[in-house]
Amino acid sequence: MKAEIISTGTELLLGKTLNTSAHYLTGQLSDLGIEVLYHTTVGDNKERLTETLKNALQRSGLVLVSGGLGPTVDDLSKEIAAEVLGLKMSYDPESMQSLTQFYINDRMPPSTEKQAYFPEGSILLPNDKGTAQGALICKNGQFCAILPGPPSEMEVMFQKYLLPKLEQIILQDSGRMQVRILKIFGLGEPELERELTVLMQRKSPSLTLLDRHTYMDVRLTVRSGDVSQAVRLLDQTEAEIRSRLGDGVFGSGTDTQGGIVGKLLLKNNLTLATAESCTGGLLGGRITAEAGSSAYYLGGVVSYANSAKETLLGVKSSSLLQEGAVSELVAGEMAEGTRKALGADLGIATTGVAGPGGGTAEKPVGLVYIALAHPEGIEITKNQFVGSRESVRNMIVETALNMLRLYLLRKCKQ
């Protein structure tokens, strides 16, 4: 099934309100195996919304419209949907009763009755967070869902009321998509294309490469009416990809490197401490974003100044004078220092030039050393990242987590 999303509201076009609804709905539909072809944003204008909805219904079997369900004269989504689909508007007494109950302690605005009218034959979608009920309209094998604009109302309505309807009615389509996402670190799009050329030439499953900046997604898609057959094909292709890319595949679905590292630390019964300079606590934050991280993460030291590196981590003043804070020697002493100071099994440290200033010919912006101290010794990598300060800092964190992940995988194999 093909779908598209229409977001209504002049405020979206003025750039004053972020359109999070389209992002949310696309993710939800994708998880269901429904392919979203278009996003369209249109202001509160009857002619333009009518034209947009007509075009959408000509192209797609499912159209989701968010916004335009309020009581004011410019809230026209239901009326326009009825007009485009050739349906009459019908009064729903139960909806009016719900509105009356909602305003039981307040004076009901005169125009509120408008919210009790729906295109005839609509499946009504209750609104647990507001007055504007939604509707699912079915005609000639096509489906149009009208949802409220505020995300707090729309998301609850989608999850509780529209999602079950989509699963019951629409997902019986014989062309349902089965989707699987593999997450890759350390390989860019050109390298992945080279490694997966043979697989990408196959018609099914189709492979799509998505750049997530700090990692890559490989999206596998199979369109089939036989779910078990589609799953077998996905399993087979995933196994081939893992065979080709090895430990470059760090997870699938909603996995994060922080979450994977946490599971591996628990599996190996190891604890971790961090020492950060250029990342300023971002690495520790990424680790503790995972539920249950207190079981393996003991804490960290943000040692931005050289004096903090000496006092808190035991970095030698001679190392700082001879090599500088951004150096292999200092990174190693930071990692070992935090490991000893916090009594952890592992210590990982970051030091570098995040930019945009502070670089020199010898130590340019983006130069970063990452060190991992463990009972067997110290591993140190020299890295050169490019991009904005935020981009560089995020790449440092993910590279450090990857370094931990690879070490812990080796421990699992011992």
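Colleague: Thanks! Where is His213 found?

Modeller: Keep in mind that this is a predicted model. His213 is found in the loop between strand 10 and strand 11, the latter covering 216-223.

Colleague: What is phi of His213 near?

Modeller: Phi of His213 is near 75°, a positive value in a residue other than glycine. For background, most residues other than glycine have a negative phi.

Colleague: Which residue has a positive phi of about 55°?

Modeller: That would be Asn269, which is not a glycine either. Asn269 lies in the loop between helix 10 and strand 13 (272-276). Asn269 counts as exposed because its relative accessible area is 67%, and the cut-off for exposed is over 50%.

Colleague: Let's go back to strand 10. Where is Leu210 found, and what does Leu210 touch?

Modeller: Leu210 is found in strand 10 itself. Leaving out residues up to four places away in sequence, Leu210 touches Tyr215, Met216, Asp217 and Arg219. Leu210 counts as partly exposed, at 25% relative accessibility.

Colleague: How many Å separate the C-alpha atoms of Leu210 and Lys183?

Modeller: They are separated by 9.7 Å, and the two residues are 27 residues apart along the chain.

Colleague: Can we zoom out? How many helices and strands are there in the protein chain?

Modeller: The protein chain has 15 helices and 17 strands. Its C-alpha atoms fill a box of roughly 85 × 55 × 40 Å along the principal axes. The radius of gyration of the protein chain is 27 Å, while a compact globule of 414 residues would have one near 22 Å.

Colleague: What share of the residues count as buried?

Modeller: Of the 414 residues, 48% count as buried. In soluble globular proteins, nonpolar side chains tend to be buried together.

Colleague: So which residues touch the most other members in the largest nonpolar core?

Modeller: Those are Leu265, Leu272, Leu346, Ile348 and Leu408, in a core of 31 residues. Helix 10 (257-268), helix 11 (282-288), strand 15 (346-352), strand 16 (367-374) and helix 15 (389-413) each supply at least two residues of this core. Helix 15 gives the largest share, eleven residues.

Colleague: Which residues is Ile348 in contact with?

Modeller: Setting aside neighbours within four places in sequence, the contacts of Ile348 include Leu272, Leu283, Ile370, Leu372, Ala400 and Leu404. There is also a second, separate core of 22 residues, with Ala22, Leu25, Leu147 and Leu166 among them.

Colleague: Last one: how many positive and negative side chains are there?

Modeller: The protein chain has 41 positive and 46 negative ones, and the centres of the two sets lie 3 Å apart.

Key
Residues numbered from 1 in each chain as written. Predicted model: local features only at pLDDT ≥ 70, side-chain atom pairs only at ≥ 80, totals over all residues. Heavy atoms only, no water. Helix = DSSP H or I, 4+ residues; strand = E, 2+ residues; numbered from the N terminus. Rg over C-alpha atoms; globule rule 2.2 N^0.38 Å. Buried < 20%, exposed > 50% of the residue type's maximum accessible area, 1.4 Å probe, protein only. Lys, Arg positive; Asp, Glu negative; His and termini not counted. Charge placed at Lys NZ, Arg CZ, Asp CG, Glu CD. Core = buried A, V, L, I, M, F, W, Y, C linked by side-chain atoms within 4.5 Å. Contact = heavy atoms within 4.5 Å.
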